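Please work through the exercises below with the sequence and the model open beside you. Each one sets a task and is followed by a worked solution.

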Amino acid sequence: MFTLAEVASLNDIQPTYRILKPWWDVFMDYLAVVMLMVAIFAGTMQLTKDQVVCLPVLQSTVNSKAQPSTSGKADVTTVETTTGQGEEASMRTVSFGSAPTVTPDIPLSRATSSQYQPTESGQEPKKERKDSSGRKTNLDFQQYVFINQMCYHLALPWYSKYFPYLVLIHTIILIVSSNFWFKYPKTCSKIEHFVSILGKCFESPWTTKALSETACEDSEENKQRLTGAQSLPKYVSTSSDEGSPSASTPMITKSGFKFSADKPMIEVPSVTILDKKDGEQAKALFEKVRKFRAHVEDSDLIYKLYVGQTVIKTVKFIFILCYTANFVNTISFEHICNPKVEHLIGYTQFECTHNMAYMLKKLLISYISLICVYGFICLYTLFWLFRIPLKEYSFEKVREESSFSDIPDVKNDFAFLLHMVDQYDQLYSKRFGVFLSEVSENKLREISLNHEWTFEKLRQHVSRNAQDKQELHLFMLSGVPDAVFDLTDLEVLKLELIPEAKIPAKISQMTNLQELHLCHCPAKVEQTAFSFLRDHLRCLHVKFTDVAEIPAWVYLLKTLRELYLIGNLNSENNKMIGLDSLRELRHLKILHVKSNLTKIPPNITDVAPHLTKLVIHNDGTKLVVLNSLKKMTNVAELELQNCELERIPHAIFSLSNLQELDLKSNSIRTIEEIISFQHLKRLTCLKLWHNKIVNIPSSITHIKNLESLYLSNNKLESLPAAVFSLQKLRYLDVSYNSIALIPGEIGLLLNLQHFYITGNKVDVLPKQLFQCVKLRTLCLGQNCITSIPDKVSKLSHLTHLELKGNCLDRLPATLGQCQVLRKNGLLVEDHLFDALPPEVKEALNQDTSIPFANGI
C-alpha cells in the first residue's frame, strides 16, 4: 500500500527535460498519447467483442435466386443456434427448403436432413423426431462456432484483425523516436549535465545580481524618463526578480556615483553582498560551464541525432499514411467465406458479418486524422531544423542588453541545446549567458574576494621580514583585495599566482610601499596607479614562466633601483624578449636575472653604465658569450652562478670597480688567471665555492685587498702559504675539501675573524691557530681531531665553536675562559659537554641570551 504522502509527492515530480521540449515535441507527445489510447481502446474491444457470425449459403441446382432467401432465413436460424437454445431450437430448421443430401451422422446434417427426408417417406417432421433415438448433443452449436472461428481467420482481412496492434506498435515507435536523444548514452549524459547546470544558473543568486547591475546601468540611459523620487523605486521593483545591484563591483561604484542624488540608489548597496555559500556555488558554476562548453562544443552528435529521429518520424508518418489509405476500405461488415470443410459441414460457402467493422472504421479514420496532424508537425520541425544554422548561437541580444559584452558565441551541440531552450523560454539563455562571461566571473571573484579578505584579516597576515620591513604575502587568490590598499604603512607587497591581479588607483594611498613582488602574476595597472609606482617603487621582483608574463609597464618604471627577473629567457625567446626596454630604467642599480641564458643579452648591457650589481643564475646552462661584461665599468658586485664556467672569464678583469665576485656552482678546475685580479684594486670578496678547484696558485698574493675568500666544496688537498700572506683576510672558508693539514702560517692572519674548515681530514690543530685572537667563528667539525689545545682560551672573542664529528675524548677546561662563548654557540657532543667541570659548564651557561655574531 502507498501512503497518501507518497502518492501526493508524485505530483511534485517535474519532467527533467521539459526545457528541451519545444511546442511541437510537446504537441506530438500528446498526439502520441491519444493514438496510444485509440490503440488500447480498439485492442480492448477486439479482445472482448471482436468476432464474426457466419451462415451457410444454400446451393440450389434449380433456381439460384432462391439462395438469398434461403440464406436470409438461415440467418435467423443461426442466431438462434448461436444464442445457445439447444437442440430444440436447431431442430426448427427443418421447415426450410430442400438442400443436398449430407452424411446423416453429422449433427448439422442431422439437423437439416429432417427437412429433406419427408419428400421420400412423406412423414411429418414431428414424427421423425419422435422416431429418433440416441443421446442428445450440442454438436450443431459447435459446428457454427467452428465455422465462425475459421472464417474469422480466412475471410476477415488481416488489417481488420491487427489494426489495433499496428497502431500500438507505430505509436510506441513514434514515442521512442521522440525521446531517443534523451536516452542514448552519448547524448543523454550531456543533456542531463546541461539541464542540471542550466537550472542552477537560472536559480543562482549571482545571475540575479549580475542582471540587476545591468538594470542599474540601463537606468542611466533611461534617466530622462524617470522623474521624481518615486519613479526609481518603481523601476527597481520591476527588476526585483533578478536581484539587486552590487556595491562592491567597480561598475556599481560608478553607477552609485552617477545616481548619488537619488535617495533610492543609496539604499541599494545594502542588499548587494552575496552570501559566502552562494558565492562559492557561483564560482563552481563558472567552472562547470567552462568545462561543459569545452566538452560539448567540439561535436554535433546531439544535433545529428535529433535531426535523425525527426526524419525517422517523418518517414514513419508517410509510410503509415500510404499503407493505411489502401486498407481503410477493407474494413467491411459483410464477408464471404469458403472454409473448404464441406465434408464436415455439408456447405461450401458462408456469408459472415463482422460486428466490430463499424467501430474499427471510425477508429481508423480518427487514427488517420491524428497521424496526419502528427506528420505535418514533423514537417514543420524539419523546416525549423534547416531554416537557420542551429549549430551556431549568438548572444548578440544579451550583449546589447547587458554589460557583459564579452559573452562568446557558441557552436555545435552547445548552440543547438541553447536554441532548444529558447523555444521553451529565452530567459534561460539570457541568464545562462552570465556564466559564459569572463567579466561576470571577474566581478564575482572581486565580490567574494573582498568579502573574505577584510582589512582586519589582511592586517593579521602582515609580518616583519629579514630586513625588518612590514611585508604582506598574498598567494593563489582570485585577485587583489581592495582592503590591501588601505594598509598605508605596508613596505613590501608580494603577489604570487594571482593571474587576474589588478592594481587600482587606490595604491597611491600606500606611500610607504617601495618593494613589489609579482610571482607568476601578470598584474594590470591603471594609469593613476602606474604614475604612483613610477615615482615611488624602488624594488621589483618578477617571476615568470614565459617572457610574455612580464608586464609591459615594468620597463617604464624610471625610478626603479632593483629589478629581479626569474624565468625562462633562452635563446629562442631572446628574439622577442622585452628587455630592450631596460634602457629606460636609468636609475637601475641592481639587476638579478635567474634564467637559462647562453649569452648575456646586449639589452642588459644597455643599462650597464649605471649598474652596480649584476647577478646571473643560469640553472646549469652554459654561459658562452661574456664579452659584453666589459661595458659594465661601474659594476661593484658580480655573480655568475651555475653557468657551467670552466675558467674565470677574462672579461671580468676589465671591471676596475669590482668589489665582490661570486662564481659559485660552476665547473672551474684551475684558477691560474687569478693573477690578473691584481688589476682589480677594489676586489675584497672572492667566492669560488662549489667548483672543482684542485690547488690555489701562489699568485693569489697579488690580491692585496682581499678580505673574504670562499673555497668550500672544492677538491683542495692543501693550503698554500700564499693564502696566509693576505693580511686583510677576515673570512676564510675552506670547508668540505680534502685538506689534511692546517699550515702554521695561519698565525699570520691576525685579522682573521671567521675560519671554516669543516668536513676535511685535519687531525692536529697548530698552536699558531690560536694566535688569531680576533677569531669569532671557528668551525672544525667533521674532521679527525683528537684533542683541543688549552690555548683555545686565547680566543677571547670566540662566539661560535664547532667541534662535532671529531675524535675527541674530552674538552679542555680552559673553554670557560672564552669570555663570550656560550653553550648555544658550542656545537659538540653532549657527553663531552657533560664531562666538563661544573664551573666551566656554569660559565658557558651564563646569560645565553647574549647575541653572538657568526659572520655568515
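The exercises move from the whole chain to single elements, bonds and residues.

This is a predicted model, in which local features need pLDDT of at least 70 and side-chain atom pairs count only at pLDDT 80 or more, while totals for chains, interfaces and linings use all residues. Residues are numbered from 1 along each chain as its sequence is written, and side-chain values use heavy atoms, with hydrogens and water left out.

**Exercise 1. Describe the chain as a whole.**

Begin with secondary structure, where helices (H or I, at least four residues) and strands (E, at least two) are DSSP runs numbered from the N terminus; the chain has 28 helices and 24 strands. Next take burial, for which buried means under 20% relative accessible area, exposed over 50% and partly exposed in between, with a 1.4 Å probe and protein chains only; of the 856 residues in the chain, 48% are buried. Then turn to contacts, defined as heavy atoms within 4.5 Å: among those in the chain with a separation of 6 or more, 56% join residues 24 or more positions apart. Finally, the chain exposes about 42300 Å², of which carbon and sulfur atoms supply 55%, the areas coming from the Shrake-Rupley method with a 1.4 Å probe, and for residues only the protein chains shown count as cover.

**Exercise 2. Compare the annotated transmembrane regions with the model.**

The unreviewed UniProt entry places the annotation "transmembrane region" on residues 27-47, 162-182 and 364-386; such positions are given in the numbering used here, feature names are shortened, and annotations may be inferred rather than shown by experiment. Residues 27-47 are 100% helix and 0% strand, with end C-alpha atoms 30 Å apart. Residues 364-386 are likewise 100% helix and 0% strand, and their end C-alpha atoms lie 33 Å apart.

**Exercise 3. Check the span of helix 22 and examine its N-terminal end.**

The expected span of a helix is 1.5 Å times one less than its number of residues. Helix 22 (residues 438-452) has 15 residues and should therefore span 21 Å, which agrees with the 21 Å between its end C-alpha atoms. At the N-terminal end the cap is Ser437, whose side-chain oxygen lies 3.2 Å from the backbone nitrogen of Val439. Within the helix, the buried residues include Leu444, Ile447 and Leu449.

**Exercise 4. Find the disulfides and state what each one links.**

With a disulfide taken as a pair of cysteine sulfur atoms within 2.5 Å, the count comes to two. In one of them, Cys54 and Cys352 have their sulfur atoms 1.9 Å apart, and with 110 degrees about the S-S bond the link is right-handed. Cys54 lies in strand 1 (residues 52-56) and Cys352 in strand 3 (residues 350-354), so this pair ties together parts that are 298 residues apart in sequence. Both Cys54 and Cys352 are buried.

The sulfur atoms of Cys151 and Cys337 are 2.1 Å apart, and this link, with -90 degrees about the S-S bond, is left-handed. Because Cys151 lies in helix 8 (residues 139-154) and Cys337 in strand 2 (residues 334-337), the pair ties together parts that are 186 residues apart in sequence. Cys151 and Cys337 are both buried. Numbered in sequence order, the bonded cysteines of the chain pair as 1-4, 2-3.

**Exercise 5. Locate Arg583 and list its contacts.**

Arg583 sits in the loop between helix 25 (571-574) and strand 14 (590-594), and at 35% relative accessibility Arg583 counts as partly exposed. Leaving aside neighbours within four places in sequence, Arg583 is in contact with Asp606 and Val607.

Note on methods:
Polar contact = N/O pair within 3.5 Å; in protein donor to acceptor, adjacent residues only side chain to side chain.
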